[in-house]
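Here is a brief report on one structure. Keep the sequence and the model open while reading.

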Amino acid sequence: MFKTITFICNQKKIEATLHSATTVLDYLRKHQHLTGTKEGCREGDCGACTVLVGTLSGKKVKYQNVNSCLLPIAQAEGKHIVTIEGLNSSDLSIIQQSFVDEGGTQCGFCTPGFIVSLTGYLLSSNNYNLDDAVDSIGGNVCRCTGHTTIKRAVDKIINELSVKNSADSNNLSSLINLGIIPKYFEEIPKQLTEIKKKIISLEYEQRADFLIAGGTDLFVQREDDLLKSNIKFFFGENGADRIWIDGNQCCIDARATVSNFGDSEIIQKYFPEMTNFIRLFGSLPIRNRATIGGNIINASPIGDMTIILLALNSTLHLQNNKATRQVSLKDFFTGYKTLDKKEDEILTKITFDIPKQNNFFNFEKVAKRIHLDIASVNTAMLLTVDDRIITQANISAGGVSPIPLYLSEMRKSLLGKKVSEENISEAIEVALSEISPITDVRGSEEYKTLLLRQLLLAHFYKLSPEIIQAEILL
Amino acid sequence: MDNSFNIVGKAVIRQDALEKVTGRAKFADDINEPGQLYGVMVRVPTVHATIDEIDYSELLRVKPDSIIVDSTDIKGSKKIGAIRQDQPIFSFDKIVTPGDVIAMLVGESEDELKSLSKKVKIKFTELPALTDPTRSLEPNAPKIHPQYESNLIVHYPLRKGDVEKGFKESDFIHEETYTTQLVEHAYIEPETVLAIPLEGNKGIKIIGSIQNPFTARKVVASVLNWPLTKVRIVQAELGGSFGGKDDTMNILSARAAVAALKIGKPIKIHYSREESILESYKRHPYILKYKVGCMKNGKIIAMKIDILADGGAYSSMSPFVTWRSVVQATGPYDIENVWTDVRAVYTNNPYTGAMRGFGSPQPIFAQESIMDEIAIKLNLTPDEFRRINGFKAGSFTASGQKLENHDVNLLDVLDTAIKETNFTSKWKEYKSKTSFNGYQLDKISDTNAEQLILKKKDYINPNKLLWKGIGLSISYRGCSLGAEGIDAAEAYLSVQNDGSAYLLSGLAENGQGMRTTHSIIAAEVLGISPDKIYYLETDTGLIPDSGPTVASRSTLMGGGAVKAASDILRNRFEDFLRLEWKLKSQSEFIFKDGFVSVNGNPQQKISFSDLCSLAYKNGICLAAIGWYKSPEVNWDEHTGQGSAYFTYVYGCQVAEVTVNIGTGQVYIDKITAVHNPGKVINLLGAEGQVYGGVTQGAGYGLWEQVTTDGGKIRELNFDQYLIPTAKDLKEIKPVFVEGKDVYGAWGGKSLGEPTLELTSAAIANAIRNATGKRFYNLPINLEELLLRRKLFPKDLKRGSS
C-alpha cells in the first residue's frame, strides 16, 4: 500500500512514496535524518517525538502538536510538519532561550518535544496562561527536571508575552517578531494552498484491511500488522465544521477529534464544564488525533468519550454503500469488543439532543495517575429535573463491565421520583447490581464498585447542590 | 550567598543547553555509521529453564546468509559481573529470567530481523520458577546459579552493643514490617550502542548511551580477551540514566563488539521501550522488619533490623547496594544497641542493581514511617522525637563511626524545614481532624483496623472528601563509594595561550550537569568565565579510569580532581608572575573577571589571556592533571563496624498532600526539600537535582511499580508504568543549608541521590497525618487507601483494552 504523499517538512516541500502507515517519526529520523525528534516509547505516552502538524484552514494554517510515533505519513498529506529543526533559526526562539536560562533542559532527550509542544501552544492559543500552557505539555514527560524548571521557563515566557501584550496567534508576523517561530512560516500558507489542490477526496465505500480514523490506539497495539496491510484512511480536513446543530440535535462528524469536540463553541455553550472534563482525557497530542468515532468503534469499556456520549443518549449513524441506518449508542455494544455493526458499515455521524435548561450534566473519572492515564472507573450523567421530579436520566459507567455501560436499571429507578436521599441511595444500589467489574490492572472488583458508588454520588452532589442538600449525603 | 566566590553558588546555565534546546545534541541513536548493520535479540519465552539445544536450521533455510552471533563467538569471558561473574553476554546453559538473550541476528533491517528471530528454535527444559524472595533460602528452593552453594548473594551483619539487653531495658518495643516495590529507572532515552571496528590493529570504538565508560571498557575487553587499550569507549549524549545505564549497556556494548568484529562492519543495537524495560535491571524490592526499643522519654536504645532484598536473576550491584543499606538502615539516629542483617538473594525475577538512591530509599521509607508511629505513641510531634535521637556533632553511627570533621547539621536542616513549612501547627491541626465514619482514626489500634475499610454502605459528604496532611522524613547519607571500593578520580585541564581552556574529567556527563559544575570549579580558581572552558567528550582513550559515575560522587570526587588540576595551574601561574614581576615569595594574587592582580596592589595586573600567552612564550606548561583520592575508610565484614564513608550529607523533606478519601486519590500540594550538599557549586544545577529527585521519589511513593506474573514483567511501556507528568506535583521548594567540609572543591559534596531517597517516606507520613492510616507497602496506591489491601491483576492488555 504505497502512496505518494506531498507535504512540507519544515522549509522543504517533500514528495515521498511510502507505505501509508509508515509513522512520521520513522520517516523523519530514517529518511530525513532529522534526529531532533526522539523515540522514547512509540505509543504516545512520552512526547519525545512531538511534532507540529499545520493544516490549512482558509488562508491560515492551524498548528497542533501531535505524537509523530502514532502519526501515519498518509496524514501528512497536504500538511506542514514542523520538527525542532524547523523551529531553529540564527537566534534561539523565546521558548528555547527560556529553557536555557531556567535550566529547563538536563539530559536533553525530552527537550525538543517540550519545545515543539509549547510552540504549538503559542501558535494556537489566543489567551496565554500558565494552566493552558502546562496542559499543552501534559503529554511530554521529563525524568530529570521534575518539570519544575520547565514550568518555570513556561511561566517566564507567558509573563514576557503578556507584558508585551502583542502576541496574537492569528498574526503570523507578530509571532515571528516575538521570536516564537522562524520567518519562513510566513510562506507556508501559500505553499500549502498549492499542494492542497492535489488532495484526492476520500471514498467511504472502499474496502481495506484496516479503516483508520485517528489510529492512536491501533498504532500502539498493531503497528507491525498495519505496515503489512491494506489501509484506508478516513480523516477529514477541517475541524470547525465537524460539529454542528441540526434542528434540536447536535451532530458530530465521526472523524471529529476529541480536541474538535472540546474546542467546539457549540459544545462549550451547552456544556460549559466540558473543557475541564476533556483535560482528563489522554494528553493534548492524543486528543488532537483521537477521533470520536474511533473511540466508539474501538469499544473500550473505559473510553472516556464513549462514556460521555452514552450519557447524552447519542444515536449513531451507520452507512454502507447501500443504505444508512441509525442505532442507539446504548444498544451498540453487544459484548466485549463486539458491535452491532456490519463489516461494511462505517460510522459517519453521532447525534444527540441539545440539552435543555433544566438539564444537568456531569462527568467523573478516577485513574491511577491523575493525568495522562486510562480510567479505573469513569461515569457521566445527564439528568432532567422538573419541579424536583426526575423526568429524564441517562447515566453511563466505564470500567465496570465488558462494555461501556448504560445504566438502564438505575435510570428506571430514578424516573418519576423526587430527588431525595432515599431515592438516590436506592438508585445507586440498583446501579451496583447491574455492573460486573473485574479485577485487573486498573483496580480490583471491590475497588471499582466502591469508586462507582462514590462517583455516582458525586454526580448528584455536583450537579445540583441546590436540589440535593449536602446533608442528605451524610 | 558567599561573596568570596566569583561564580560558585550562583545560577549558571548549562554549557550543553544550546545544542539540547535546538535538538542538535547527538544521542547514541542519532549517530549512524556508513554500512552499519543492526543487531536484534533472540529470547525464549520462559522464566527458568536449561537450554538443551539452539537450532538455527529453520532460520538458515529461510535465509541461508543469516548472520548469527551467540556465545560460541565469544573468545574471552562468557559471563561477567562486578563481584560474581554470573551474567552471560549470551545465555548458553540456562535461562534464569525472561530478559535473557540467547543470540543476536545481524542484518540491514530491524523489522526483518525481528520476524526472523522467531525462526530460531530453542529446545529447553522448564525448571520450577522461583519468584518469591522469601523462599529463596529454603533448602528445597530451585537454585538459580548451581555453581553457588545457595541463592544467597550476600549477607551483611552489623552488630553494635547488646541489642537484647537494650530491648530488656526499653520501656516499650515497637515492631513493624514494610515492603517496597520493583521500579524502573525510566530514562526517556532507551538504550543504544554502536560498535565500530577500527582499521588494522587499532581495535574497536564503541559509541553509546553508556553511563560508565570505564566499566563498559573493562567488560568488552574481557569478553574479547583484549587489552584495555584496544577498546575505546566514547560516550554519546546520555538521555538520562539514574544509575540505569551500567550493566545493561556493558553487555550491549559487548554484544555489539563481538558482532562487529565477527563481520567487520559497524553494528548498532537500539532498544525499544519494551525491550529496555524487559532486559534492564531495576531497583531492589525490599522486605524490611524493624524492631525498636524506646524509653518513655523518647530515647531509642535498641534497634533490630532484618532486610531481605530481591536481587533477581543476577548478582549485579546487589553486594554494593545492600552494603549501603546496612550502613544507613537505622537512619540518622544515635542508637547504642543495633543488630542488623541485610541479605540479597537470587530469584527468577528481573535482576536488580544500581538506581539513584542505591539501597537507601527502601530503609528510609520503613525507618521514617516507624519514627512517626513511635512519635505518635509517645504523644510527641515527629520533629520533637527526631530531635531527641537525631545525629549531632560527635554522635556515633550504627557502624560505630564518630561523626566529626564536617558540619553535622542534621538538626539545623530539620529546623529549617519545620520553620519553612510551619510544620508543627499544621501537623497537629490535620491530625485532630482525622475522623472517619465516627471513628477517631488516631485512636484506633491496628487490631481493629478493619473498621477503617470503606464499606459498601458507607459514603462521605463530598464537602468532607478532601483531607490534608503533612509529613516529614530525614536522612544522612555517606558520600561517594565509601568502603565499597577504591575511590579516586582524575581531571585534565589544558589552558590555551589565548586564555581559553580544555577540561575533561574521568567521570561522565549523564545529564546531571557535571560538565558545567566542573567548568565552574576550574573557572573559579582561574578567575575566568565558565564560557572560556571547553569540556571535551568523554573517551576512555583520553583520560585515566576514574571509577564509575555513581554514588553522587561527580561533584565531590570529580570536582576535587578539577580543583586539584586548577590549583596546580594557578600555582604555576603565580610562581611565574612572582618571577616575572619580581615579587616577594609570599605575595598573593587575585584571579577575577579574567584578570590577575597582586593582592593589595590592584594596579599591578594582567589579563588572564595575556598571562597565558606570556607564560606559553616562556615555556611554561599550561596543562595539568589533577588527582583526587578519598581518605581511608574501613569496614569489618563480620561485625559491620568501621568508618564506612569519609563524610556525610544530611537532608529533610516535608510533604504536604491532599487525600480524596472517597476515591483514594492523593494530590501532592508541595514538597519542601531541605538539603545540606556541602557547598552549592551551581545553584541552577542544584535546584535541578532537587526537582528531579523529588519527582522521582514521589513517583516511587505513589505510582511507579513493575509487577511480574510468574517472573514476567507486566508493565513494559509508559501506558502502564506511570511516571509523574508536569501536572502531578504542584510545587517543589528546594532549600539549601550549606555545611562546611574539608573534602571536595570547597566542601561541595553530594546532592543527586539524597533528593530522591526521602520523598516517599515524607509522603507516607503525610498520608498518615491526613487519614490516620499507616501504609506499609510502596507504592501507596489509592486502592489500598480505601481497601487496605492490594490486589494484583493476572493479565494485561495493551492500549485501552
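## Strand pairing in chain B

Strand 25 (residues 595-598) and strand 26 (residues 601-607) of chain B pair in the antiparallel sense over four bridges. Pairing here requires at least two DSSP bridges between the strands. Strands are DSSP runs (E, at least two residues) and helices are runs of H or I with at least four, numbered from the N terminus. B:Val598 has B:Asn601 in strand 26 of chain B as its bridge partner. The two strands form a hairpin with two residues between them, and B:Gly600 in the turn has a positive phi of about 95°.

Strand 25 of chain B also pairs with strand 24 (residues 589-592) of chain B, antiparallel, over four bridges. B:Phe591 stands opposite B:Val596 in strand 25 of chain B. This pair is a hairpin too, with two residues between the strands; B:Asp593 in the turn has a positive phi of about 50°.

## Basis of the model

The model is predicted: local features need pLDDT of at least 70, side-chain atom pairs count only at pLDDT 80 or more, and totals for chains, interfaces and linings use all residues. Residues are numbered from 1 along each chain as its sequence is written, while chains are lettered from A and ligands numbered from 1 in the order in which they are written.

## Helix packing in chain B

The axes of helix 9 (residues 361-377) and helix 18 (residues 759-771) of chain B come within 8 Å and cross at roughly 30°. Helix 9 of chain B is therefore roughly parallel to helix 18 of chain B (angles under 35 degrees count as such).

Contact means C-beta atoms, placed from the backbone, within 7 Å. Residues of helix 9 of chain B that meet helix 18 of chain B include B:Phe365 and B:Asp372. On the helix 18 side, B:Ala764 and B:Arg768 are among them. The residues of this contact divide into five nonpolar, three polar and three charged. Nonpolar covers Ala, Val, Leu, Ile, Met, Phe, Trp, Tyr, Cys and Pro; charged covers Asp, Glu, Lys and Arg; the others, Gly among them, are polar.

## Chain B against chain A

Contact involves 65 residues of chain B and 72 residues of chain A. Helix 16 (683-702) of chain B is one of the elements giving two or more residues to the chain B side. Helix 16 of chain B gives the most, with seven residues. By class, the chain B side has 28 nonpolar, 23 polar and 14 charged residues.

Methods: Two residues are in contact if their C-beta atoms, placed from the backbone, lie within 7 Å. Axes are lines fitted to C-alpha atoms, for helices over the stretch in contact, and angles run from 0 to 180 degrees between N-to-C directions. Angles under 35 degrees count as roughly parallel, over 145 as roughly antiparallel, 65 to 115 as roughly perpendicular and the rest as oblique.
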